[in-house]
Amino acid sequence: MNFMEIAENRQSCRSYNPAKNVEDHKLQDILKAAQLAPSACNGQPYKITVCKGDAAKAVAAACTGMGMNKFAAQAPVQLVISEMPYVKSAALGAKLKKNDYRSIDIGIVTAYITAEAAAQGLGTCILGWLDDGKIREICGLEYPARLVITLGYPSEDDKLRTKKRKDLDELVAYK
Ligand SMILES: Cc1cc2nc3c(=O)[nH]c(=O)nc-3n(C[C@H](O)[C@H](O)[C@H](O)COP(=O)(O)O)c2cc1C
């Protein structure tokens with residue numbers, strides 16, 4: 001798949017086949033794609049914790065509540081993206097320029113992960129509705145859990161949806 005095909009095929013998967021595990025070689029390719037993601041000052045201020053089995057179930061449970069994210073429990077793998085301290089130069093830049101580079105970097109690595117997963121025929125959903133305290137405890141994290149990415153094979157009823165997006169003339173300005 002070229003990039004446009006990946007972008008068109010990636011969607012938030014909210015129905016997984018719980019009987020189908022993610023092959024290790026596919027998971028490794030997804031993690032290698034994450035390793036290649038750019039970040040401010042090349043600092044990579046995040047950690048990816050791969051959760052399977054009981055840990056995956058516990059993380060999924062920490063992303064549910066108020067009717068949200070019930071589907072997460074079906075996904076065999078949960079990738080927890082936690083924030084790490086800045087490298088010195090990025091910390092200085094963030095302070096001087098009042099810019100939250102870490103959130104940007106986490107967004108980019110998440111985009112790489114979800115794109116490579118789509119290229120591998122896997123489904124993902126990015127979850128921002130999460131209980132940071134519980135996830136830190138499950139994963140033994142010192143720093144905040146910022147996103148969880150559910151990963152697994154989509155179930156048969158998870159068909160490709162038409163994307164709903166802003167029109168380009170609303171999204172883009174030319175000066
Ligand atoms: C930062 C972030 C947080 C999100 N949190 C959730 C979430 O907690 N639960 C959920 O079902 N979808 C979540 N999503 C998925 C978005 O709703 C989804 O990407 C958007 O509606 C576009 O749909 P698509 O991914 O199918 O193209 C999140 C996406 C992002 C980027």
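Q: Which side chain meets Glu-83 in a salt bridge at 2.1 Å, N to O?
A: Arg-146. A salt bridge here is a side-chain nitrogen of Lys or Arg within 4 Å of a carboxyl oxygen of Asp or Glu. The pair links distant parts of the chain: Arg-146 sits in strand β4 and Glu-83 in strand β2, 63 residues apart. Strands (E, at least two residues) and helices (H or I, at least four) are DSSP runs, numbered from the N terminus.

Q: What kind of model is this, and what pLDDT do local features need?
A: It is a predicted model; local features need pLDDT of at least 70, side-chain atom pairs count only at pLDDT 80 or more, and totals for chains, interfaces and linings use all residues. Residues are numbered from 1 along each chain as its sequence is written, and side-chain values use heavy atoms, with hydrogens and water left out.

Q: Back to Glu-83. Is it buried or exposed?
A: Glu-83 counts as buried because its relative accessibility is 12%. The cut-offs are under 20% relative accessible area for buried, over 50% for exposed, and partly exposed in between (1.4 Å probe, protein chains only). Arg-146 is partly exposed, at 30%.

Q: Which helix residue also meets Glu-83 in a salt bridge?
A: Arg-102, at 3.5 Å, N to O. Arg-102 is in helix α5 (residues 101–119), 19 residues from Glu-83.

Q: And how many salt bridges does the structure hold?
A: 6. Another one of them joins Lys-134 and Asp-131, at 3.9 Å. Both ends are partly exposed: Lys-134 has a relative accessible area of 48%, and Asp-131 has 30%. Shared partners join Glu-83, Arg-102 and Arg-146 into one salt-bridge network.

Q: Now β2. How many of its residues are buried?
A: 7 of the 7, residues 77–83, so the strand is largely enclosed by the rest of the structure.

Q: Which side chains point which way from β2?
A: Val-77, Leu-79, Ile-81 and Glu-83 point one way; Gln-78, Val-80 and Ser-82 point the other way. In a regular strand the side chains alternate between the two faces of the sheet.

Q: What does β2 pair with?
A: β1 (residues 46–52), antiparallel, over 7 bridges. β4 too, antiparallel, over 6 bridges. Pairing means that DSSP finds at least two bridges between the strands. Ile-48 has Ile-81 as its bridge partner, and Val-80 stands opposite Val-148 in β4.

Q: Where does β3 join in?
A: 5 bridges join β3 to β4, and the two run antiparallel. Cys-125 stands opposite Thr-150 there. β3 spans residues 123–127, with 4 of its 5 residues buried.

Q: Switching to backbone. What is phi of Asn-69 near?
A: 60°, a positive value in a residue other than glycine. Asn-69 is found in the loop between α3 (53–61) and β2, and is buried at 11%. Cys-41 also has a positive phi, near 55°. Cys-41 is in the loop between α2 (24–35) and β1, partly exposed at 46%.

Q: Last topic, the surface. Which residues form the positive patch?
A: Arg-14, Arg-161, Lys-163, Lys-164 and Arg-165. Patch residues have over 30% relative accessible area and no salt bridge; like charges are joined within 9 Å, nonpolar side chains (Val, Leu, Ile, Met, Phe, Trp, Tyr) within 5 Å. Lys-164 lies in the loop between β4 (145–152) and α7 (168–171). Lys-164 counts as exposed, at 76%.

Methods. Accessible areas come from the Shrake-Rupley method with a 1.4 Å probe; for residues, only the protein chains shown count as cover. Lys and Arg count as positive and Asp and Glu as negative; His and the chain ends are not counted. The place of a charge is taken as NZ of Lys, CZ of Arg, CG of Asp or CD of Glu.
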